[in-house]
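Work through the exercises below with the model open. Each task is followed by its solution.

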Number of protein chains: 2
Amino acid sequence: MNPTNPQPTDPQPGAPQPGATRPHTGRRRNEAAHQAILDAALQLLAASDGTPVTIDAIARTAGVGKQTVYRWWPSKGAVLLDALTDRADQDVTGPDTGILRTDLQTFIATTFDAAQRGTTASALRTLVREAARDPHLAELMQTFTAARRTALRELLDRGRQRGELPVGADLDLIVDQVYGVFWYRFLLGHAPLDRTVADRLAQSLVTGGE
Amino acid sequence: MNPTNPQPTDPQPGAPQPGATRPHTGRRRNEAAHQAILDAALQLLAASDGTPVTIDAIARTAGVGKQTVYRWWPSKGAVLLDALTDRADQDVTGPDTGILRTDLQTFIATTFDAAQRGTTASALRTLVREAARDPHLAELMQTFTAARRTALRELLDRGRQRGELPVGADLDLIVDQVYGVFWYRFLLGHAPLDRTVADRLAQSLVTGGE
DNA sequence: TGGTTGCCGAGACTGCTAGTCTTGTCAAGC
DNA sequence: GCTTGACAAGACTAGCAGTCTCGGCAACCA
């Protein structure tokens, strides 16, 4: 959320620890500017239909100097990802009804829905486009998506322990089938990502592979 | 292959045929330069580990002026894709042994293998990266991949007609599961794309979804 | 209250790249 | 020999990421 916080902003006064840094003096960071930047980034990300979002535009929209952006984030991609994750609810816990197929259906349908709701879709698309050129952003995104992949894997593991999947099932492959289809269709846009597809996909993955 | 063939600029007085073009005069196009550009593009594409390939570099490597590149291709992306498809064998016919699962295994394994063999992998990765920014290239790639998607779909359709898939099976979803997993793993590189995965994937798709 | 520190907005600047334009040259035909 | 048009070389424009500089201002301290 705040990847470049080099110094503690409010160290206790009169703490001359050998390793401790000198207490902070000078003007404090402007939290309003921080939020304005995230808001501007999200707004531009949402409005851009694939068109790259520039740092200049973000700074100008936020009414902020470019240097202020780079003081808080290391790269453009970091700002964009931070803007998006700021809004995404981070509690990625899969459903757990005790029936694998139902849980899987819900998980997949929720994923499809969340990605396409509101302005998230164009923002996400732009983000991926940027990640294709920005290795740093790509790494950040991988961390971000890892939480969702893990949640899905745990959901599958619970099902396997209940005997709803064969012991030798390749859970990683199933995870990749779900997210593979998702990203493939999401980015190419040649076929829908709706409830029907989610159900069919869940069914295919639960009944197959034994 | 020759997207910019300029039209005769002036309607000559006393032209006998309205639709006929004036016979070509002047220096002829240099086929060696054409090939040198494609070779240079492929070479740089293969050597670049994700780093963008520049037009300047292509022209310099080919010993050619930049204008010559743009005379033959409309954009950088077009050159890159042309360079790649020049080598890829274009007869995308799926196997047909009469057994769906075997055909599917072969098709998937061949796809995995072809993408990773030799210098193709890095070239393909760079190409996708460029396509994320270049709408023209993205369109070209979609045409390129459509042939492979069609071949897979026909393979599945043959199997369905033989009763190896339920009549109501969603063939498009199966196709997207195959290519979704492929691109997802190919681009992220977090898991293998080998023969074992191909077999498991084929098995999952044939026995599931009924 | 005045001094020091460090964030702030503004915008100039560098470096890189796609794509265009210019120039002088050279090959093919008339 | 003249016209035509492809050619190599490279200057040029435009756009963007990221850096640097500058004057201003807020927070803290003595």
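**Exercise 1.** State what covers the buried residues of α5(A), then describe the helix itself.

*Solution.* The cover includes α6 (120-131), α7, α8 and α9 of chain A. Helices here are DSSP runs (H or I, at least four residues), numbered from the N terminus. The model is predicted: local features need pLDDT of at least 70, side-chain atom pairs count only at pLDDT 80 or more, and totals for chains, interfaces and linings use all residues. Residues are numbered from 1 along each chain as its sequence is written, chains are lettered from A in the order in which they are written, and side-chain values use heavy atoms, without hydrogens and water.

Next, list the buried positions (under 20% relative accessible area, 1.4 Å probe, protein chains only). Among them are L104(A), F107(A), I108(A) and F112(A), along with D103(A) and Q105(A).

Now the end of the helix. Just after α5(A), G118(A) has a positive phi of about 60 degrees.

**Exercise 2.** Describe the interface of chain A and chain B by its contacts and salt bridges.

*Solution.* Start with contacts (heavy atoms within 4.5 Å). They link 30 residues of chain A with 30 residues of chain B.

Then salt bridges (a side-chain nitrogen of Lys or Arg within 4 Å of a carboxyl oxygen of Asp or Glu). The rule finds four across the interface. One of them joins R185(B) to D176(A), with the closest N and O atoms 2.4 Å apart.

Finally, assign the chain A side to helices. α7 (135-161), α8 (171-188) and α9 (195-207) each supply at least two residues. α8(A) gives the most, with 11 residues.

Definitions and conventions:
Buried < 20%, exposed > 50% of the residue type's maximum accessible area, 1.4 Å probe, protein only.
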